Structures are given as structure tokens and as C-alpha cells.
Amino acid sequence: MDIYAALLDPYLRDWLDLLLRWLHVIAAIGWIGSSFYFVLLDQSLRRPKEQDDADAGVGGELWEVHGGGFYHVKKYKVAPPELPDHLAWFKWEAYTTWISGFALMIVLYWMDAKAYMIDPEVADLAPWMAVLISAGLLVLAWVFYDLACKLIRGERALALVLIAGIAATAWGTGELYNARAAWLQTGAMIGTIMAGSVFFNIIPAHWELIRAKQDGREPDPAPGLEAKRRSVHNNYFTLPVLVTMLAGHFTLMVSHEHAWFLLLCLMALGAFARAFYNLRHGGTTHKWMPLAAALVIVIMFVMLRPNGGATETSPTDGRADAPMQDTDAARSIFSASCASCHALADAGADGTVGPDLDTVAPDVDLVRERVENGKGGMPAFGGKLTPEEIDAVSAYVADASGD
């Protein structure tokens, strides 16, 4: 059996999914945590109280209490007079996050692009074309961001350009792939920008400081300032990317006809949250910001509510043996119990699953058997289904697949 065929084995892919996803989450927590901490540190620094510290080049200091003790942190404007014997680096979290995420994208999406990326009603792409476009967009994202940073020095103007680029990405990927893949592609592009900043700018700037001290040269502050600039950008990117990592659980969002716009709303809320806390760490609290975020959530809630909030007829009509024929009710049960794992119920005759009824003809009897007997952990969420609910879901699957 060749490597490609082996990787398509459902059992092996389940293990790769588990191990790579777990590694991805662990590394991402470390990366996000260090990003949050160092931005907090920079925003909270105060002028050094000791003249000796100021004379030695200390630009700011901060006292912290944690873990049963006090910490006294000092940040130099450029570099200390002498290099310390030990330096703590914060780079492997970023590299591991991107590498594990890229591996997940290959295993779960690229290797089965027909099932997990392509929606013929959106764009009837060949699998190889879908993968090639996806890879090209990752490269394009970094090139666009890097050029924008080099050409646009004003942060407000740069922010507008980046927001426009992300909006175009969210919409454009939605015109290429199914909604889940589009959300993931958008997040992968921003994640590539973040990892690229660490690899091509932030870490090289640190090495330049170190080599200058080793060579007895006066360090150039410019690379360090650019590194800090991009580090702050990464800080604002973290929560928007996190939203896309969780896209598979947001069926309510990704099934909407304007999923790209909802993605932008969620990403904006994440960046807005970072702005609120970054300002707060610097001593400024804007109470209107949480209210504005709450208003956006309310608007999304109203926008997503089915039938304008109207409730259709009762599924069981008050009788335990009454069949549930209402399509909206069946869809509601499906969304609550099945859609967290399946974009549509799509158990095939061989027991395999995929995200699209158009690509895998579902076997309704197998759906019923799995739900009734709890095989494969179905339903994973939503609790045990009643016989009437099983009838409704089975009818909904049959109708959706034209069975």
C-alpha cells in the first residue's frame, strides 16, 4: 500500500487528526499565551525608579506578583551593556503551531479535497486545483502582508489595508470552497502571516541584537522596532485565527448564506477584545467597547434566528407516537445533534463520513442504525434522540439526498 492510500485509511486519519490537533492546540496555547503576556508587559511598563537602571539603558520596569512571589521585570531600550549568560526564547511555540496546523490541513483537507473543500454549487473545482489555489493563497497572504508593512508606515492606514485584505479573503474563499473550508483557509492565511513574521522578522531582529553585542557594535534599534510592530500585529490576529480553528463547531454560522460576513463579525469581535484589554493594560478603560461588542452579538443573533424567530408547529404535536414531518423541526434536531460533526447527515453505505450530501450518497438505514445504537458516538452532542426524532432526522436526510 502506498503512502497516499495509507493516509486515506479512516483509522489512521482519525489518529493523525487526534495527535496533530492536540499538538496544534498545545502549541497554539503557548504561542497565544506568550503573545498576550508580552503585550501586557509592554503596555504596563513604567519609567525606572533607579537612576542606575536608566543610565544602563532600561526603558521601563514592572513589578508583578504571581506564583507566591514577586517579579521585577526590566526592559532595555535596545540591549543591555553585556549579554546575559542565559536567554529565554519564544519561537518554537509559533513554529510548532504553524507546522502542526499545516499538517492538519494536508491530512484533513488537501488529501480529500473533493469531500472537504469542494462544493460544486460554489465552484466546481478539480481537487488538484482546489489544493493548488489553497497553497498559493498561503504564499500570497505573506507576500501581501510583508509588502504592506514595508510600504505603509502609518499604523492606521496599514490597519485599513489589512482589514480590507482580510474581508476580501473571507469573501473570496467563500466563492471557491465550502464554508468550513473557506473559514479554515482564511485562518490558515492569517496564521501563515503570523508565523512568517516570527520567522522572517522577529527572530532575525533578536539575532541581530545579539550579534551586535557579540561583535562589540552598537545595536541598530530599527530591526527591533519593526519586530515589535509585527509582534503587536500578531497579538491582534490571535483571536480572529482562533475563531477559524473552531469553525467546524459553528454550523449555525457556516451554514448561513452570508457565512463570510459572519466570519468577519466574529473576527472583528476577537480583535476588538484584544484592543480593549491592550488599552486597559495601558491604563485606559473604554466602557463603551463591551457595549458595542454586545450590540454586534445581538445583531448576529437576530440575523441568524430561523424564520425571523417564529416557531413552527410542535414536532410531536403532543403525542409520543406522532411522526415529526415538519422540515424546520427536523433541521433543528439535525443542527443540534448531528451538525457539529456533519455539515449534512452523510453516512455512506460503507460507514464513511464526509461533509457534503452532494459528494457522499447517504444510506438512511445506516444513519438510523448508528443513531439508534449509538455506534460511532452518534449523536456526539445533543443527547439521546427519541424514536420520533430519529424518524424526523432520517426523513430529513432522505429528502436532502434525494433518496
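1. G60 counts as buried, at 1% relative accessibility; buried denotes under 20% relative accessible area, exposed over 50%, and partly exposed the range in between, with a 1.4 Å probe and protein chains only. G60 is placed in strand β1, residues 58-66. Strands are DSSP runs of E with at least two residues, helices are runs of H or I with at least four, and both are numbered from the N terminus. Apart from residues up to four places away in sequence, G60 touches L45, R46, P48, V73, K74 and K75, where contact means heavy atoms within 4.5 Å. For G60 and K75, 15 residues apart along the chain, the C-alpha separation is 5.4 Å.

2. On provenance, this is a predicted model, in which local features need pLDDT of at least 70 and side-chain atom pairs count only at pLDDT 80 or more, while totals for chains, interfaces and linings use all residues. Residues are numbered from 1 along each chain as its sequence is written, and side-chain values use heavy atoms, with hydrogens and water left out.

3. Overall, the protein has 15 helices and two strands. It comprises 403 residues, of which 40% count as buried. Among contacts with a separation of 6 or more, 64% are between residues 24 or more positions apart. The protein exposes about 22700 Å², and carbon and sulfur atoms supply 63% of that area; accessible areas come from the Shrake-Rupley method with a 1.4 Å probe, and for residues only the protein chains shown count as cover.

4. The largest nonpolar core has 58 residues, and M117 and W183 have the most contacts inside it. Helix α8 (residues 179-214) contributes the largest share of this core, 12 residues. Such a core is a set of buried Ala, Val, Leu, Ile, Met, Phe, Trp, Tyr and Cys residues joined through side-chain atoms within 4.5 Å. Beyond its neighbours up to four places away in sequence, W183 touches residues including V243, F250, M253, W260 and L266.

5. Q185 is found in helix α8 and counts as buried, at 0% relative accessibility. Neighbours within four places aside, Q185 is in contact with M105, S134, L137, L138, T173 and Y177. E208 also belongs to helix α8, but is partly exposed at 27% relative accessibility. Residues up to four places away in sequence aside, E208 touches R217 and P223. The side chains of E208 and R217 are joined by a polar contact of 3.4 Å, a term for a pair of N or O atoms within 3.5 Å; within protein, one must be able to donate a hydrogen and the other to accept it, and residues adjacent in sequence count only if both atoms are side-chain atoms. The C-alpha atoms of E208 and P221, 13 residues apart along the chain, lie 9.6 Å from each other.

6. Helix α2 spans residues 10-44 and includes L19; S44 is also in helix α2. L19 is exposed, at 51% relative accessible area, whereas S44 is buried at 11%. A polar side-chain atom of S44 lies 3.4 Å from the backbone oxygen of H281. Excluding neighbours within four places in sequence, S44 is in contact with E61, L62 and H281.
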